[in-house]
Amino acid sequence: MKELLFGTAYYPEYMPYDRLETDIAMMKAAGMNVIRIAESTWSTLEPQDGTFDFSFIDRVLEAAEREGLSVIVGTPTYAVPAWLARKEPEVMALGAGGRNLYGRRQLMDIVNPAFRYHAERVIRRLAEHTARHPRVIGFQIDNETKHYGMASENVQELFVAYLKEKFRTTENLNRAFGLAYWSNSIHDWKDFPDMRGCVNAGLACEFGKFQRTLAAQYLVWQRDLVSEYKREDQFITHNFDFEWKKFGADIAQDGYSYGVQPDISHYEAAEAVTVAGTDIYHPTQDALTGAEIAFGGDSVRSLKQDNYFVLECQAQAFKYWTPYPGQLRLHAYSHLASGADAVLYWNWHSIHNGYETYWKGLLSHDLETNPTYEEACQIGREWKEKGTLLRQLKKKNRAALLMDTQSLHALRWFPIDKELSYNDVVRHMYDALYEMNIECDVVDVHGLEEERYDLLIAPALYSVSEDLIGRLAAFVKRGGVLVSSFRSFVADEHLSVYADAAPHGLTDCFGMSYNRFTEPGTTKLAGEPARYFCELLRPDTAETLAAYEHKYWGAYSGATRNRYGQGCAYYIGTYTSPEFLKTVYADAAEKAGIPLPDVRWPLIVRSGETPAAGVLHYIFNYSADERSMSCPYEETKELLTGKRYRRGDTIAFKDWDVVILQEVKNED
């Protein structure tokens, strides 16, 4: 692909009347060059068992051929047809609450043999039917895949086989998870109990890890099927999503893409795709910060250290997501600034019935033009003119934030606080970096290549192997900088708490230890309330950056810094104010040799290099107010307007504005 992909999901099956030609014409007028089809429509493609109807697919492909639109075909397996649930009831996942009832999507048992048989059949028929079409550029396998809590007899038999291979004997299993507690130990594999009743956190999290692996293997299985039919020039992608931050009871309308996805390992599942893809939804209007776009982009880009596709992002959606003028354009360029090479909206049109009736698309229910669609037209015009300069933005970030799904689940079993989750800590530590314009990769601990980085941030890394502990100590000793939060380096990979001073294996590296923690109460740190959790740190070789301010806990440190070998390690023992965290980051960045930009949020700077334009700096104003900054670069050209800026020149920003500066060496 030699251009940015700009488009939308499109389902003519959902339309109240036939308007295919009108829709395609409006897409072309908006500068769109790609549509995503089919991933939600199994019951249309196979209305009865073994009876296939690809007429909707054919009509869309014919129109795409005429108008020069590219097409991404999605396998339709995340929402099963009613006839399959009736014929094979066991395809509905069995979980802690019993067997799922048919209706919602993503309720099936993805390893069930009957499900696999029918899923394979529809995948093969669809891939065979579409792969040779010249407008089909790639396939999306499944949709926002997870393990769906499946705990059927078949899944549990597979889990026991996995445990036997991993631990060999029941004695090893009992020892690893401390199963003697409450008489949970197993002395014959035949006695292994139903995991739905498990009360051992380590074993339950091992089962969760196994379920996540099954989900990743399911995507690999789909990839292998599609690969039998696809051309060499066609990609395979998947739309990885994130934990959904909820407010209130209405899941469909109250929430947004927030943090690490609990129910599949993106790191494992990335093996299934040639290009990583993602779905990112976020607050808009006055709540738009850009942080969700950046966090999602940094996470998905880091899976393969390469460019990625945004396969779903919002257009109008809910009443509190209807974008202000300029915000849709700001969203689109924000995705590019993180390394996206495709931006597709969900959905083209607003659906007239069904569960997502009021998750509005680019077109409202009248299916006519509107300001959101017209702003998409502006994006399309600009990308048609400048897209070749913007595509394939590469980053070489010197900082990485570490994430770990096992630690996420451990802290569900052993919460830091009823109001503070693992992802809250991750976002607290990521968002401070983001607001300071310290760009970072977001890296799964299992995929960490620490030699790539000068600064590592470890939020709530509760579960950690001896190997990783040794690697982090060596990273600091040879000159790296490590910043860690409370509830890190507590337990091994089976969630057994290490039986020595905390933080395990790193007391020399951090130059301190602790063996008590407390509810903060009235405790303060650096003049601001300490929140949720306080570890009572006892410095040895470490300096105290801030001691607790409390009659009794004031004898302990709340944040420390320690020289270790050639590097430096920081430990923060409580949930601090963002301002204090930023002072720690500023010091850590200086020690790591990472320069800090002079500007802070709401002005956000995201940089990289493209093959056609060289070094680019995206600068965003996430604010309803006009802003300005001094140009920090020697000589630049604003890519969209051609205006020149030299070091010290004032750059003015309108509300919700974007400026793209291209570094230039000589006059063009």
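Author: Ala526 is partly exposed, with a relative accessible area of 42%; here buried means under 20% relative accessible area, exposed over 50%, and partly exposed in between, for a 1.4 Å probe and protein chains only. The model is predicted, so local features need pLDDT of at least 70 and side-chain atom pairs count only at pLDDT 80 or more, while totals for chains, interfaces and linings use all residues. Residues are numbered from 1 along each chain as its sequence is written, and side-chain values use heavy atoms, with hydrogens and water left out.

The phi of Ala526 is positive, near 55 degrees, in a residue other than glycine. Ala526 lies in the loop between strand E19 (524-525) and strand E20 (528-529). Helices (H or I, at least four residues) and strands (E, at least two) are DSSP runs, numbered from the N terminus. Glu144 also has a positive phi, of about 45 degrees, although it is not a glycine. Glu144 sits in the loop between strand E6 (136-140) and helix H6 (153-167), and at 10% relative accessibility it counts as buried.

Most residues other than glycine have a negative phi, and most peptide bonds are trans. The peptide bond from Ala502 to Pro503 is cis, with omega near -5 degrees, and Pro503 is placed in the loop between strand E16 (481-485) and helix H16 (507-510). The peptide bond from Trp601 to Pro602 is likewise cis, with omega near 20 degrees; Pro602 belongs to the loop between helix H17 (578-592) and strand E27 (603-610).

The strand pairing can be followed from strand E11 (residues 308-313), which is mostly covered, six of its six residues being buried. Two strands pair if DSSP finds at least two bridges between them. Strand E10 (residues 275-280) runs parallel to E11 and is joined to it by four bridges, and Asp279 stands opposite Glu312 in E11. From E10 the chain passes through helix H10 (residues 291-304) to reach E11, a right-handed β-α-β crossover. A crossover is right-handed if, with the strands pointing away from the viewer, the path from the first strand over the helix to the second runs clockwise. E11 is also joined by four bridges to strand E12 (residues 340-345), and these two run parallel. The bridge partner of Cys313 in E12 is Tyr345. Together, E11, helix H11 (residues 327-337) and E12 form a right-handed β-α-β unit.
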